[in-house]
Amino acid sequence: MHIHILGICGTFMGGVAALAREAGHKVTGCDAGVYPPMSDQLRALGIELIEGYGADQLALKPDVYVVGNVVSRARLADGSAKFPLMEAILESGARYTSGPQWLAEHVLQGRHVLAVAGTHGKTTTTSMLTWVLESAGLAPGFLVGGVPLDFGVSARLGGPDRERPLFVIEADEYDTAFFDKRSKFVHYRPRTAVLNNLEFDHADIFDDLAAIERQFHHLVRTVPGSGRIVANGLEESLTRVLHQGVWSEVVRFGSAVDEFSAEGEPHAFDVLRAGRPVARVEWGLSGVHNQLNALAAIAAAEHVGVAPATAAAALGKFRNVKRRMELRGTVNQIAIYDDFAHHPTAIRTTLDGLRRQVGPATRILAVFEPRSNTMKLGTMKSQLPWSLEAADLAFCHTAGLDWDAAQALAPMGARAQTAPDVDTLVRQVQAAARPGDVVVCMSNGGFGGVHGKLLAALQP
């Protein structure tokens, strides 16, 4: 089968492309401003990438076009289509489908799917769970919205040496495609579903938290009676979701009264099952959020036969994911980290974890851009000072915002600065940083190469 993927450089669609190629299909694809790291990964797999969405790609005549959710029926200022290839597909009557639908029909069918959902921590927890299963010799397939350092790729088919092979997938609540507004995860039909946490996000497609809770309950409805739902017992929103109806075993984690809980510091803790110690995790990760992620992974792995002690031992060797507190370099005794945090809660969680790690005496400089659709809309701008409390100084990149970031950060006083472009931002950090500081750059995009620019600018 020849598939042509529209929006192929996104983390999810790039993963679909890698899986399709591994399965023996011919894969081509297009995107606007074909960009790394996914473009590099795809070219290494021998996948032809085309720049832009020109209608001339109709001449490729694939068996099916697989359409990413970046594609829309939008029009440009001159009235022309923003995605002329999509218009040509519709006019021609060519066969097309969404990425999640193609994945469900051609990869997930017949497998035991372990899906990891939640507002935060999906990529990290998916990677943890995959590593635990791999360490236990179960050779799972996976699709992660990032690159787990233990695997070096974002997706693989996995071993078929089971009656029902395992497949671990990051289960995103974002919409499927312009022609299918359901959340992506309703296509996956998991037997093991992790509900890590749930709060308001994606303000561009959801009106309120209740609308997202409704989509999470659609996911719950797809889990069979023999399945397991692993839910964060600390989240009231998830309690509301499950109160709408549940037909599967529910295993909760987080609080002392839940089936799985933790005792000890996030970097070294005992895992308790029904109040009794059953395992111990000692690793290089920090933050309560990663402790909770670990409990979720351990509870999910148990459902497919991996004992908590085995899972905990594997997590002790877990190397995390690219762009999750990834050290990009140290210059003039100043450490530069890269992190994917972009939601206020994720920013706060990242900085709190870092503060626990470095202690009160080390200065933390938070460099961030409100780049997600939710943040661009300004829906959560008032939460920014709260999210940055653990930072000594904060530097905000304001390009593309329709709201006043300086005003939103005013409660922080002189601790916060804003910059209209990356070069100005770098100069601000350069003027403020001193040996011994830790700089953490937070964005869900490339951030204009700010990490490399900072490393160059901070040279003594």
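Colleague: What is the strand order in the open sheet of 6 strands?
Modeller: The order is β18-β19-β23-β20-β21-β22, and the pairing is mixed. Strands are DSSP runs of E, at least two residues, and helices are runs of H or I, at least four, numbered from the N terminus. Two strands pair if DSSP finds at least two bridges between them. This is a predicted model: local features need pLDDT of at least 70, side-chain atom pairs need 80 or more, and totals for chains, interfaces and linings use all residues. Residues count from 1 along each chain as its sequence is written, and side-chain values use heavy atoms, without hydrogens or water.

Colleague: Which strands stand at the edges?
Modeller: β18 (326-331) and β22 (416-419). Each has a single partner strand, so one side of each lacks a neighbour in the sheet. From one strand to the next, the twist averages 20°.

Colleague: In which sense do β20 and β23 pair?
Modeller: Parallel, over 5 bridges, using residues 364-368 and 438-442. Val 367 is opposite Cys 441 in β23.

Colleague: Which helix lies across β20, β21, β22 and β23?
Modeller: Helix α14, residues 422-432. It runs at about 170° to β21 (393-397). Axes are lines fitted to C-alpha atoms, for helices over the stretch in contact (heavy atoms within 4.5 Å). Angles run from 0 to 180 degrees between N-to-C directions.

Colleague: New topic. Which residues touch the most other members of the largest nonpolar core?
Modeller: Ile 5, Ile 8, Leu 103, Leu 143, Tyr 188, Leu 195 and Phe 216, out of 51 residues. Helix α1 (residues 11-22) gives the most, with 7 residues. A core joins buried Ala, Val, Leu, Ile, Met, Phe, Trp, Tyr and Cys through side-chain atoms within 4.5 Å. Buried means under 20% relative accessible area, exposed over 50%, partly exposed in between (1.4 Å probe, protein chains only).

Colleague: What is Tyr 188 in contact with?
Modeller: Leaving aside neighbours within four places in sequence, its contacts include Phe 12, Pro 100, Leu 103 and Glu 170.

Colleague: And how many aromatic pairs are there?
Modeller: 7. Rings of Phe, Tyr and Trp (its six-membered ring) pair with centres within 6.5 Å; planes under 30 degrees apart are stacked, over 60 edge-to-face, the rest tilted. Phe 142 and Phe 151 are tilted, at 4.8 Å and 50°.

Colleague: Is Phe 142 buried or exposed?
Modeller: Buried, at 0% relative accessibility.
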